[in-house]
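This report looks at two interfaces, one inside a chain and one between chains. The sequence and structure come first.

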Amino acid sequence: MEGTKLAYDLQQVSFAYEPEHPVLSDVTLSITSGSWVSLVGANGSGKSTLAKLLGGLLAVNAGKIIVEGTPLLRETASLIMPRIGMVFQNPDNQFIGATVEEDIAFGLEGQCLPRVEMVSRVQQYAEKLGIQHLLSKHPSELSGGQKQRVAVAAILAMEPAIIIFDEASSMLDEQARGELLHILRDMRSNGDYTMVSITHDAEEIMASDRVIVLRDGTVAADVDPDTLFSDDALLNSCRLIAPYHIRLIQELERRGIKVPPFPNADKEVEGTLWPLLFNK
Amino acid sequence: MAITFQQVSFAYDAKNLWRHGALEDIDLKINEGEFVAIAGASGSGKSTLLQHLNGILMPTTGKVQVFDVIMSAGEKTPKLTELRRRVGLVFQFPEHQLFEDTVEKDLCFGPLNFGSSKVEAKEQASKALSMVGLDDSFLERNPFHLSGGQMRKVAIATVLAMDPDVIVLDEPTATLDPQSRAELAELLYRLRRDQGKTVIVVTHRMEEMLPYVDQWIVMQDGRKTFQGSAAELTREALKLEASGLALPSCISYWNQIATRFGLEMEEPCLTVEALAERLERVLQVHDTAEGGGG
Amino acid sequence: MRNKLLFGRSIDTGSWVHSVDPRAKLTGMVLYLIALLVVNSWVALGLATVFSLAYMVSTRIPLKYYAKAAKPLWVLMVFIFVVQSLSIKQGTVLWHIGSWELYSGGLSSGLIAALRMTLLVSFTAILTFTTTPGLLNQGLSGVLKPLRKVGISAERLTLMMGIALRFIPTILDETHKIMKAQAARGADMKELPWKEKGRLLVSLLVPVTVGAFRRAEELVLSMESRGYIVGAPRSEYHLLSWSKRDTGFILSYVMLVAIIVYLRFI
């Protein structure tokens, strides 16, 4: 385990809005720094609540959340919160500024950064997400996908170590969803961020390193994406559907045609499925 | 012919500021009893198009005919009440559509507006609820306390309660989980098959609607760039993708397989079952050929 | 139809008025308000109109946008006109309407009152058209800074205003969607009798309020996750710097007030 640091260490975490209806009970799990974890589950499984606990927006009723070695408590919150950023579902309701520029700067003002630093970060992260040309725009002039890019830029500009995506792609159209996924993949590959994404999206889950399945407020499974998508019972319990290529392989196998697993969720069948079908 | 658009254009009021969602020169025909899906990126004019179907918006130029009602640019707006009853429009978010404190009241709102008596309205409410697969126990529930999927179904039922001939839905599956989305797509298909409704649905997730749709319409930047069956859509995939439309993977899979095996002229297999079955046959032929040759 | 969206939204044409310090603009607006309250003659109204038009033209924003900004308040204008013109009994009697009499003095002052209201509403639109809400907010907190000395926190106030400015267009847009959804179910605001209109407006309140609360809740979460704490120290992204032009800008308003007061009381 040498060299692997933990971004999160949750020990028997429980939470309830009202005591008689526990939302999460006895959740124990840990997340390695620099990894990308998908958090899935049906409605009411507690995944959104867990996201808010991880983001420090709610406090546990029992148990402990340790972030990068420091327990998340009221006293330590001011140290830990700047390490965590969250991107939410509705592109409109997380746009705080009146222009893209102001929105990215909002979090930076809270960090009391000097103006020169703010200006340079706004530029830097706008460029990173390809939204420099939108800096002076009002949210009503932007598409949903553009607003989500702004939200990501605003979070990244605060330079957190952990980013939580709470169904960030679910209100976007196909094109924008693909673009956001591309951004997430990029973030994962440079290894600077620990990412937790709450999602229904099969492609997004496939792209992550690990899936935590919640059911009725407890961890029902902690698996890699391939295992999740080959387990029908598990998929049904979190109301997911496997991506097309996995279902195709399963259907082929059902018909007695052996297909080794795909190396990735790429649309290019030529390089993968093809040789397998031919070289038998 | 249930619906015809002739050279319809629509521009929002202050058009130099808000070009978003305008329509340009749309020609369109939709037959009674068809399941039609409209695809395209956000801002391509899909929602604007829908709102022309029952006179919520009027064309700036051109002519829209729905049944015997003609909405023509520059002419007096015809009486829309009967049209609104025959063409039910379900908006994207149920939060925009529901406003009463019980599901039953919400379901009765439409029928009462269109002149049903209280007793009739309640009957229609219960019938509509069962059409979307919910039982009468939901009548007394508060619509705002339902789950996302149930809320969508109730929103659809509020429109079904008016017994429309055409039901039009704007992104009915957005933000739902994949299984709820699949269920909803199937529900729409059943409405078409069992009740004979014309179903027109705007979607940006094409895959979930593919098995059910008779006719696809693709919108890009306010223009109609495609209209035809799934098979035709599959054949034009490259062109549509090049112009920026995101197509589901089942289409690109079929196209690659078709090119490899020379199946271009066949009816595309777009479900996993159909594709696996077709591949099985291809491989058998291939094996036999190989066996014979070697 | 979409002109409602104009409210609370800036239109960037890059004119010099856009770059005037928001504190100067706010102060100018207050002076303008005073000037207009004092206006009671056609000469003063004419002067105020010329002054307003000069500024509106220098923003390089088409005048029709200002007209649109005033449009939603036409009922109020008519009301002011009717009340004013019927309650002032000076000059000659022009008309008998039942037991009411319309005097020439009443007609004139009613017109002045309604016109000056129109002028006020469309002119204050300059403020929102030429200043992004963020800057406006910062200007406001600058203007209100002296309040801190008497123990009133300007921050909460400006925060509230900022959120309101940011969300009013969204909520109006949402209201519009809900009205469409109701029209689709046979309750078209345009076609209903007045009594039904009222009932329908009330029924709009539920989804609009629910929607607004949901938005507010999500916005608060988003602000918190970006480290916002009410009252905590913050640095400022926009640096406000006062220039001679800003002083000049205010002086032009001071002169307007002076001349109008002179016209009234001399």
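A salt bridge is a side-chain nitrogen of Lys or Arg within 4 Å of a carboxyl oxygen of Asp or Glu. The model described here is predicted.

## Two domains in chain C

Chain C is divided into domain 1, covering 2–153 + 237–265, and domain 2, covering 157–230. Taken over C-alpha atoms, the centres of domain 1 of chain C and domain 2 of chain C are 27 Å apart. Eleven residues from domain 1 of chain C and ten residues from domain 2 of chain C make up the contact.

Between them, domain 1 of chain C and domain 2 of chain C bury about 1000 Å², with 74% of it on carbon and sulfur atoms. Zero salt bridges are found across this interface of domain 1 and domain 2 of chain C. On the side of domain 1 of chain C that touches domain 2 of chain C, six residues are nonpolar, four polar and one charged.

## Chain B against chain A

Here 43 residues of chain B are in contact with 34 residues of chain A. The area buried between chain B and chain A is about 3600 Å², and carbon and sulfur atoms give 57% of it. Of the area that chain B buries against chain A, 19% is supplied by Q179(B), Y253(B) and V272(B), more than by any other three residues.

The interface of chain B and chain A has five salt bridges. R239(A) forms a salt bridge with D177(B), and their closest N and O atoms are 3.3 Å apart. Eleven residue pairs are in polar contact between chain B and chain A, both residues at pLDDT 80 or more.

Key:
Residues are numbered from 1 along each chain as its sequence is written. Chains are lettered from A and ligands numbered from 1 in the order in which they are written. This is a predicted model: local features need pLDDT of at least 70, side-chain atom pairs count only at pLDDT 80 or more; totals for chains, interfaces and linings use all residues. Side-chain values use heavy atoms; hydrogens and water are left out. Domain bounds come from an automatic or database domain assignment. Contact means heavy atoms within 4.5 Å. Buried area is the accessible area (1.4 Å probe) that two parts lose on being put together, summed over both. Ala, Val, Leu, Ile, Met, Phe, Trp, Tyr, Cys and Pro count as nonpolar, Asp, Glu, Lys and Arg as charged, and the others, Gly among them, as polar. A polar contact is a pair of N or O atoms within 3.5 Å; within protein, one must be able to donate a hydrogen and the other to accept it, and residues adjacent in sequence count only if both atoms are side-chain atoms.
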